Amino acid sequence: MRTLHGFINFIQVLFGFAALFACSFIWRDTDLYFQFIYKGYGWQSLILAILFFTWIFAVMIFLSNLFDKDVVGTIGKMKLLILYVICLACLIISASLESWYISRSASDGKHPDSVYHPRFIAVTIFNWLLVVSYIVLILVTFFFV
């Protein structure tokens, strides 16, 4: 948290949690449940998996930073950059699919759903914010770490 790298990582943990929450916890009327499979939205399970694994990675980096472990010194700058690029690529796929689902869930879409549509919008926003944060984190790591 004391460095730009640590601050960006903290933001990623928050955005990732928000995206996971919006993506997986569904409430309809008085029912609250965790949903893995969405009828008409088969790729949502992949989106959920990508968000979960990139969030776990961000949490691991955050905990390492929190306990003053030198992540770059431990795994190396190049390996860390490769892991960031993998996360970035996965999040671009996730954000693109979620963006596509916004049009499918709209009132004039193929599978209109008034409960899923706002969630897809929220998850898309957090996904693209995560994409931007990984781009910034890659640049910070490459040039300043």
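User: Which residues does UniProt list for "transmembrane region"?
Analyst: The unreviewed UniProt entry lists residues 7-27, 47-68, 80-101 and 121-144 under that name. Positions follow the numbering used here, feature names are shortened, and annotations may be inferred rather than shown by experiment.
User: And the model itself?
Analyst: This is a predicted model, where local features need pLDDT of at least 70, side-chain atom pairs count only at pLDDT 80 or more, and totals for chains, interfaces and linings use all residues. Residues are numbered from 1 along each chain as its sequence is written, and side-chain values use heavy atoms, with hydrogens and water left out.
User: How much helix and strand is there over residues 7-27?
Analyst: That stretch is 86% helix and 14% strand, with its end C-alpha atoms 32 Å apart. Residues 80-101 are 100% helix and 0% strand, and their end C-alpha atoms are 31 Å apart. Helices (H or I, at least four residues) and strands (E, at least two) are DSSP runs, numbered from the N terminus.
User: Okay, helix packing. At what angle do α4 and α5 pack?
Analyst: Helix α4 (residues 77-105) and helix α5 (residues 116-144) pack at about 160°, their axes 8 Å apart. Axes are lines fitted to C-alpha atoms, for helices over the stretch in contact, and angles run from 0 to 180 degrees between N-to-C directions. That angle makes α4 roughly antiparallel to α5 (the term covers angles over 145 degrees).
User: What classes of residue are in that contact?
Analyst: The contact of α4 with α5 has 22 nonpolar, eight polar and two charged residues. Ala, Val, Leu, Ile, Met, Phe, Trp, Tyr, Cys and Pro count as nonpolar, Asp, Glu, Lys and Arg as charged, and the others, Gly among them, as polar.
User: Switching topic: how many cavities of 30 Å³ or more are there?
Analyst: The count comes to one. A cavity is a set of points on a 1 Å grid over the protein atoms alone where a 1.4 Å probe fits but cannot get out. The largest cavity has a volume of about 40 Å³, a volume being the space filled by probe spheres set on the points.
User: What lines it?
Analyst: Q12, G16, L51, T54, W55, A58, L91, L130 and Y134 line the largest cavity, lining residues being those with an atom within 4 Å of a point. Helix α2 gives the largest share, four residues. By class, this lining has six nonpolar, three polar and no charged residues.

Technical notes. Parallel < 35°, antiparallel > 145°, perpendicular 65-115°, else oblique. 1 Å grid on protein atoms, 1.4 Å probe; cavity = no way out; pocket = protein on both sides within 12 Å on 5 of 7 lines; lining within 4 Å.
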